[in-house]
Amino acid sequence: MKPHAVTLAKGLANGLPIGAFLVADDAPTGFEPGDHASTFGGNPVVCAAAGAVLDTIDDDLLAHVRSLSDFLASGLSQFGRVRGLGLLLAVELDAPAAPIVEAALEHGLVIGSAGENVLRLTPPLTLTADEAAHALEILTEVLR
């Protein structure tokens with residue numbers, strides 16, 4: 001099923017503030033020009049950064065992301081149910097996530113939580129296979 005509208009932000013300009021609201025041609029009516037404004041609608045510098053990001057996303061990068069996503073999801077599955085897409089992954093634990101987040105940080109791994117028992121991994125698309133393996137090593141150490 002194709003969505004009628006999609007919102008984008010965060011990585012669109014590689015960390016610079018920009019947002020986008022995409023609406024399909026066949027979307028239900030309701031928006032007229034001027035109905036939707038944006039705090040981060042873009043300026044020439046931010047739009048140039050967003051253009052550079054879009055130029056960087058190609059089939060090779062997406063294949064790299066899919067491969068690392070599969071690798072990380074497989075490794076994370078030993079700790080609980082894994083959910084997510086691409087490199088935005090979460091693992092549901094049988095224990096509180098906060099102490100794991102703190103322990104991982106002490107070992108040099110920055111992760112977050114998404115609820116009481118959920119670890120959230122949000123690495124950059126430029127993550128290397130060695131970095132992903134090292135992250136799993138750290139998680140294995142702090143979760144055991």
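Predicted model: local features only at pLDDT ≥ 70, side-chain atom pairs only at ≥ 80, totals over all residues.
Student: Where is alanine 27 found?
Tutor: Alanine 27 sits in the loop between E2 and H1. Helices (H or I, at least four residues) and strands (E, at least two) are DSSP runs, numbered from the N terminus. Residues are numbered from 1 along each chain as its sequence is written, and side-chain values use heavy atoms, leaving out hydrogens and water.

Student: Why is alanine 27 called buried?
Tutor: Buried means under 20% relative accessible area, exposed over 50%, partly exposed in between (1.4 Å probe, protein chains only). Alanine 27 has a relative accessible area of 17%, so it counts as buried. As for distance, alanine 27 and alanine 90 are 32 Å apart in space, C-alpha to C-alpha, and 63 residues apart in sequence.

Student: And what makes threonine 39 exposed?
Tutor: Its relative accessible area is 71%, and the exposed label starts over 50%, so threonine 39 gets it. Threonine 39 lies in the loop between strand E2 (20–23) and helix H1 (44–56). Its C-alpha atom is separated by 27 Å from that of serine 113, 74 residues apart along the chain.

Student: What are the elements of the protein, from the N terminus on?
Tutor: The order is β-β-α-α-β-β-α-β-β-α. That gives four helices and six strands.

Student: How does the radius of gyration of the protein compare with that of a compact globule of 144 residues?
Tutor: The globule would be near 15 Å, but the protein has 18 Å. The radius is taken over C-alpha atoms, and the globule rule is 2.2 Å times the number of residues to the power 0.38. The C-alpha atoms fill a box of roughly 55 × 30 × 30 Å along the principal axes. Buried residues make up 28% of the 144 residues.

Student: Which residues of the largest nonpolar core touch the most other members?
Tutor: Of its 26 residues, they are Leu72, Leu76, Leu93, Leu109, Ile111, Leu119 and Leu139. The elements giving two or more residues to this core are H2, strand E4 (88–92), helix H3 (98–106), strand E6 (118–121) and helix H4 (129–143). H4 brings the largest share of this core, six residues.

Student: What makes a set of residues a nonpolar core?
Tutor: It is a set of buried Ala, Val, Leu, Ile, Met, Phe, Trp, Tyr and Cys residues joined through side-chain atoms within 4.5 Å. In general, nonpolar side chains tend to be buried together in soluble globular proteins.

Student: What does leucine 139 touch?
Tutor: Leaving aside residues up to four places away in sequence, leucine 139 touches Leu76, Phe79, Leu109, Ile111, Leu119 and Leu121. A second, separate core has six residues, including Leu12, Ala13, Val46 and Ala50.

Student: Why does phenylalanine 79 count as buried?
Tutor: Phenylalanine 79 comes in at 13% relative accessibility, so it passes as buried. Phenylalanine 79 is found in the loop between H2 and strand E3 (81–85). Its contacts, not counting residues up to four places away in sequence, are Val91, Glu92, Leu93, Leu139, Thr140, Leu143 and Arg144.

Student: Is glutamate 137 buried or exposed?
Tutor: Glutamate 137 has a relative accessible area of 51%, so it is exposed. Glutamate 137 has its place in helix H4.

Key: Contact = heavy atoms within 4.5 Å.
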